[in-house]
Structures are given as C-alpha cells and as structure tokens.
Amino acid sequence: MGGDHGPSVTVPAALRFLAEHPAAHLLLVGREDALRPLLGDQAGNPRLRVVHAEEVVGGHESPSLALRNKKDSSMRVAINLVKAGEADACLSAGNTGALMAISRFVLKMLPGIDRPAICVPLPTTQGHTHMLDLGANVDCGPEHLFQFGVMGAMLVEAMEHKERPTVGILNIGEEEIKGNEVVKAAADLLRASGLNFIGNVEGDGIYQGEADIIVCDGFVGNVALKASEGLAQMLGSGLKEEFKRNWLSKLAALVAMPVLNRVKKRFDHRQYNGAVLLGLKGISVKSHGSADVLAFSCAIARAYDAAENRVLERISARMAQLTPAAAGES
C-alpha cells in the first residue's frame, strides 16, 4: 500500500514478478478492496493470496507512532507474516523509518549484530557494488562498521555466488593513516577478520568498482547516495537541454540515440531497486518510494533471491565464527 503510487504500481509489479518466477508465491498485504480489482484474471492464481490489513502507514508518519498505534497496518502485518514463518521475506515501498522500526521490533536482531544496516547495490564501470549503511545508523562505532562489512560480504557471497568478495571502507584517502579514529579502528577490525579486506576506498572508487562491498556509516552513505542521484539527474537534464538547443544538435541526438539508450539501460537505477535491511532475524527489503512497475518487480526479485540463497543463515554462521560467544545469545 505504500510508496508514491501504492497498489497501482505494486500489484502490476507483483503480477510481472510471478510471470517471471514460476516457482514463487506472493502474499499481497493491504486493503482487499483496493487490491483485488487490480488483479484481473489473476485473482484466482494459486500462487497469489491477498492478506487484508485495514491500516496504512503514511509516508510522513512518525516511526514510533506507527509502531505503537498501527498494529493492523499493511507494513506490520507483512512483517508479522515473516516472523510467523508464513512468508520468507517482506518488501515495502513505504515509510523507511517505520519499516526499520517495525522490522527491528518484530523480527529482532541476529546474534552478534548490534544494528541493522541498509544495503543497496549500485552500478559501476565493472558491474555493480554493494554499499552499506545508507541511512539507518547516523552515528556508528568501529564494531558497527565491522559488522556491516561481515553482513555485506555474506550477502554478496550468497546472492552472487562469489567466493571471498572484496570489502573496502569509504574514506578520504587510500593510505591507512587517513580518516577519523572510528574509520581507522574499523579498518583494523576488518583487516583482522579474515574477510577479503582491500583497505580504504575513496568516493570516486565507488563507481569504479574498486570493491564488491563498501562500508560506511549511514550519514556518509546517505549523503554519497543522494549526491550521486542528484549528479545523475543533472547530467541527464543537461544532455536533454543541449540536444534540443538547435536543429544541428537535434540531428546529433538522433545519431547518438542508440548509444545513449544502451548507456541508459546499462546504468538504469530501476534494476538495482531493493535495499535489504541486514542484521535482522528475517528478511525485510525497502523499495524506493518512487519505484515504477519495473523497479518494484526488481525489488521483489531481490527479496526472493535473498530468501532463496539463505542470506540470514550465512550471516549468522559467519558471526558465530568471528564471535563464538554470539552463538549462544538469543
């Protein structure tokens, strides 16, 4: 029910995903009277079930109020289904703060993990990288950044079947002496962890694909992400303006269109939609609020892949190896 468009996007995206994944089953959680009319001839699909939830968490509602006062919201009901084992993953395009608060309250944290982190794939010249945290934790200690590195590495190992993916920490220079005390201490922990830690990665290294996983706190990560999105929008609008400037530039645009379309497809942000909230005892995934049908179906696929590839089990096993005491914690 959430996001900028609600069921008009999420339901068609669900139907698209089911058509592309014949082994998958979906639970659509929300107001039944809003969802069923959009199902069309798929209303009787045995792999699709509508779960009624009367309430909706608004985009600007306080996470704490949503947690306390809206226990029959589509978001809460969906996360409860994961907790109960009736669903393997939950996806929402709604209020990020509320999704984080409710997911953490209902699902709890994995042993050895102190805080959940938002992990997002980003396109690079080499393919893509995964970056975390992108907004869940503004202030982090070295141990939190270390945990983010472990979780990111296990995610990439599981979902991309890549042995020993490279891990870097975002910093203002490549030298070990660079950065604040938190980042330097976190780098020491990662260096001693047994992960394939390559050291510091500067901002320009994100999109050059210098590491499979890039670790940072939520403040730095969110600023880097939003700055990147703004730059992409500026370049896109600038190109359009220049190509429309006169008849000669319009002709040049016509000639360049095949190349421009290939570049657009290669770096299309929609295919990278779906941020996994790592560290929870259940899979919770956040879609961009402005996602269209393609983007939301990609986010569903990401949640499905995280469950199918048993990301949680990999994170738990690795944390138990690194911190044996964590294995006995509840």
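Trainee: What should I know before I start?
Mentor: This is a predicted model, in which local features need pLDDT of at least 70, side-chain atom pairs count only at pLDDT 80 or more, and totals for chains, interfaces and linings use all residues. Residues are numbered from 1 along each chain as its sequence is written, and side-chain values use heavy atoms, with hydrogens and water left out.

Trainee: How many residues does α10 have, and how far does it reach?
Mentor: Helix α10 covers residues 293-308, which is 16 residues, and spans 22 Å from its first C-alpha to its last. That is close to the 22 Å expected at 1.5 Å a residue; the expected span is 1.5 Å times one less than the number of residues. Helices here are DSSP runs (H or I, at least four residues), and strands are runs of E of at least two, numbered from the N terminus.

Trainee: Which residue caps its N-terminal end?
Mentor: Asp-292 does, with a side-chain oxygen 3.3 Å from the backbone nitrogen of Leu-294. Just after α10, Arg-310 has a positive phi of about 55°.

Trainee: And which of its residues are buried?
Mentor: Among them are Phe-296, Ile-300 and Arg-302. Buried means under 20% relative accessible area, exposed over 50%, and partly exposed in between (1.4 Å probe, protein chains only).

Trainee: Switching topic, how many residues are in the largest nonpolar core?
Mentor: It has 74 residues, and Phe-148 is one of those that touch the most other members. Helix α6 (residues 142-160) gives the most to this core, with 11 residues. A second, separate core of 19 residues includes Leu-18 and Ala-301. A nonpolar core is a set of buried Ala, Val, Leu, Ile, Met, Phe, Trp, Tyr and Cys residues joined through side-chain atoms within 4.5 Å.

Trainee: Where does Glu-86 lie?
Mentor: Glu-86 is in the loop between α4 (74-83) and β3 (89-92). Leaving aside neighbours within four places in sequence, Glu-86 is in contact (heavy atoms within 4.5 Å) with Leu-27, Arg-49 and Leu-81.

Trainee: Last one: how many disulfides are there?
Mentor: A search of the whole structure finds 0 disulfides, a disulfide being a pair of cysteine sulfur atoms within 2.5 Å. For Cys-119, the nearest cysteine sulfur, that of Cys-216, is 10 Å away.

Trainee: Is Cys-119 buried or exposed?
Mentor: Cys-119 is buried, with a relative accessible area of 0%. Cys-298 is partly exposed, at 21%.

Conventions. A polar contact is a pair of N or O atoms within 3.5 Å; within protein, one must be able to donate a hydrogen and the other to accept it, and residues adjacent in sequence count only if both atoms are side-chain atoms.
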